[in-house]
Amino acid sequence: MIHHTSFIAVAIFATFVLGVLGLSFWLGRKGQSASGYYAAHGQIHWFVNGIAFAGDYLSAASFLGICGMIAFSGYDGFLYSIGFLAGWIVALFVIAEPIKALGTFTFADALDSRFNSRGIKLSVAISTLVVSIFYLIPQMVGAGSLITPLLGLPHEVGVVLVGVTVTLIVVTAGMVSTTWVQFIKGSLLVFFCGVLTVLILGRGLEVNAGREGAENLAPQVRTVAADGRVLIDGEPQTDDHDLRPVGTILKLPERYGEARSTGPLGPLAYLAALEDSTVVTWSAKKHADDAGRHTTYSPVERRGGDLLKPGGYFKGLTTGNLADRLDFASLMLALFCGTASLPHILIRYYTVKDGAAARKSTVVGIAAIGVFYVLTLFLGLGAMTSGALDPTDTNMAAPLLAKSFSNTLFAVISAIAFTTVLGTVSGLIMAGSGAVAHDLLENVCGMQMTDHEKIRCGKLAAVGLGIVAMVLGILFRNFNVSFLVGWAFNIAASANLPALVMLLFWPRTTRQGIVAAVTIGMLSSLAWILLSADTFEKVYGLSKDMAVTPFSQPGLVTIPLGFLVLVIVSLLTPPPLPVSSPSRR
Amino acid sequence: MTDRDPRGGDGTAASPVGLTLFFVYVLLYGGFMGLVLVRPDLLALRPFGGVNLAIVAGMGLIVAAFVLAVAYMFLRSAR
């Protein structure tokens, strides 16, 4: 769809971005040390750190991806919400306090605290980089998706804008400014999603919302011709001849009689009314011929109750296909295990002063993140029935839902979504730059650096990672961002969790065991993803029948594999020598 | 055995209270995901005010995470 920008949208958006940058430069004026750059001197208050956890974690996948998935496929997007939140239980009960006690700046510090091994530092630094890059891709894709309707600029411009802004944030003040950006973003995101949910419930459910008459249920065909022109139903795409926005209620429950609106509803009444309504969702089917690549969008009438139960997106849950069910189980395992293995989450434990602060900040994080994920269900369902969806872009559901209320709210929500991307990407680039400068160059390569040089090295690494993120964000533009984040969780859980858990709970763990578990976990999950049906179809453009792996999500196999490798290698190598004191730097 | 024994008191150990609560949540999460995998039809039942079991259980898991987290904070503070 062709989207047009408005002055107010640009003004609000510019205010948000410039405000964030201004804050970053202001914080950056303070004198810096390596401890300040990488860990904010360990002096962040636990409440601020807890909200910053939410800011770090509630990425484009959580906001744009889940809302889009619920809007187009129903309940299954909410399963992502449940899995994403459940992962925090592992972080709080198992990881939070020990990781704080073990490490200094990076995840590698913690895993290496008992061994002082270059092998561990190298393998963990590489896994941190791989996970961070896989997590960066969906954030950048989300940024590009936002920019097109907000500012009327191409996807690529949005990606570059985020890349440049985030790199500036990180290089100006490191972890201090990153923390405050995430605090502001986390607070705004939860607050305005709450506002949007109140508006959704206040509007209730409407038949043919947002349009004068009934929704036009004729299929729509978008063609990208061989010469690059975009055609809608065979005619060139223009402002007057474009795809129609979609997603409405066709019929309310019988108890509302002939009424076209339910009026304001409470949360439970809203869900109950939707269960008994008839909803029109739109499916997309692609094919190609000599004339170009065609996508046909077709309406599907569905009972609300069918959209509010599992199976809309994860088809295997209803068809009974074993491989599809294993794929789902694998994803849910990866979401559960992945949160506590994400480097950009783990490094946030070094910004507070002690284990108690780490614990309290995690509880605050769980509260803020939990509230947000409850809201995602209403945002997604509100978008599904708003009559405002762009059938070509699932990631735009939440901002377009806001637009169905007002252009100002659309601008605010889009700007918050953009700062959402800024916050998460800045955390990821911080984690990645720490892995390059602190782990690889300083600890593995043995480069002797002054405090000033350590910071400069971290900033250069941040610039490099920013460029990589921009390129990948442009290459992966057509993916649902939640789907892409699933990959990052799988790799993180497979590479990092076995080593971390066994280090904490099994004294016989050896450095060779940790190196082997991290390396095998990372390589096996990466290889599995690259050889999976999803990648063959969506990345390589080949038939998914050519895929090598039986299902696409690797976690179910590669997480246990990481544990197994660690145990076997540790038993085959000499036990670790007793040490008299922690080898923290 | 090193003095960094995970069962030791140097802050590098997960607490027994935390581990107990962790396993409680694993049971809840695993039970729900098992139901989604094996009997998704049961989740379409509507025993609570017209809202189906899938939504009630999903919301319940989110609330349970928060309740356990708060309980953990108080239990650890009391020790």
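**How much area do domain 1 of chain A and domain 2 of chain A bury between them?**

## Two domains in chain A

Domain 1 of chain A and domain 2 of chain A bury about 2,700 Å² between them, with 67% of that area on carbon and sulfur atoms. Buried area here is the accessible area (1.4 Å probe) that two parts lose on being put together, summed over both. This is a predicted model, in which local features need pLDDT of at least 70 and side-chain atom pairs count only at pLDDT 80 or more, while totals for chains, interfaces and linings use all residues. Residues are numbered from 1 along each chain as its sequence is written, chains are lettered from A and ligands numbered from 1 in the order in which they are written, and side-chain values use heavy atoms, with hydrogens and water left out.

Where do the domains lie along the chain? Domain 1 of chain A takes in 7-24 + 46-204 + 317-572, and domain 2 covers 220-316; such bounds come from an automatic or database domain assignment. Their centres, taken over C-alpha atoms, are 29 Å apart. At the contact (heavy atoms within 4.5 Å), 35 residues of domain 1 of chain A face 32 residues of domain 2 of chain A.

## The sheet

Let's turn to the strands. Chain A has an open sheet of 6 strands with antiparallel pairing, in the order S3-S2-S1-S6-S5-S4. Strands S3 (235-236) and S4 (248-251) of chain A are at the edges and have a single partner strand each, so one side of each lacks a neighbour in the sheet. Helices (H or I, at least four residues) and strands (E, at least two) are DSSP runs, numbered from the N terminus, and two strands pair if DSSP finds at least two bridges between them.

S1(A), residues 220-225, is joined to S6(A), residues 292-303, by 6 antiparallel bridges. Here Thr223(A) stands opposite His294(A), and Val224(A) has Arg293(A) as its bridge partner. Val224(A) also stands opposite Val230(A) in S2(A). S1(A) and S2(A), residues 230-232, pair over 3 bridges and form a hairpin with 4 residues between them, where Gly228(A) in the turn has a positive phi of about 95°.

S5(A) and S6(A) pair over 12 bridges in the antiparallel sense, and their hairpin has 2 residues between the strands. Trp282(A) has Pro299(A) in S6(A) as its bridge partner. S5(A), residues 278-289, also pairs with S4(A), over 3 bridges, with Ile249(A) partnered by Val279(A).

## A helix pair

What is the angle between H5(A) and H14(A)? Helix H5 (residues 76-102) and helix H14 (residues 355-384) of chain A pack at about 180°, with their axes 9 Å apart. Axes are lines fitted to C-alpha atoms, for helices over the stretch in contact, and angles run from 0 to 180 degrees between N-to-C directions. H5(A) and H14(A) are therefore roughly antiparallel, a label for angles over 145 degrees.

Among the residues that meet are Phe78(A), Phe84(A) and Trp88(A) in H5(A), and Ile366(A), Ile369(A) and Tyr373(A) in H14(A). By class, this contact has 12 nonpolar, 5 polar and 3 charged residues. Ala, Val, Leu, Ile, Met, Phe, Trp, Tyr, Cys and Pro count as nonpolar, Asp, Glu, Lys and Arg as charged, and the others, Gly among them, as polar.

## Chain A meets chain B

The contact between the chains takes 53 residues from chain A and 46 residues from chain B. Together the two chains bury about 4,200 Å², 74% of it on carbon and sulfur atoms. Ile82(A), Phe93(A) and Arg359(A) supply 15% of the area that chain A buries against chain B, more than any other three residues.

Notes. Parallel < 35°, antiparallel > 145°, perpendicular 65-115°, else oblique.
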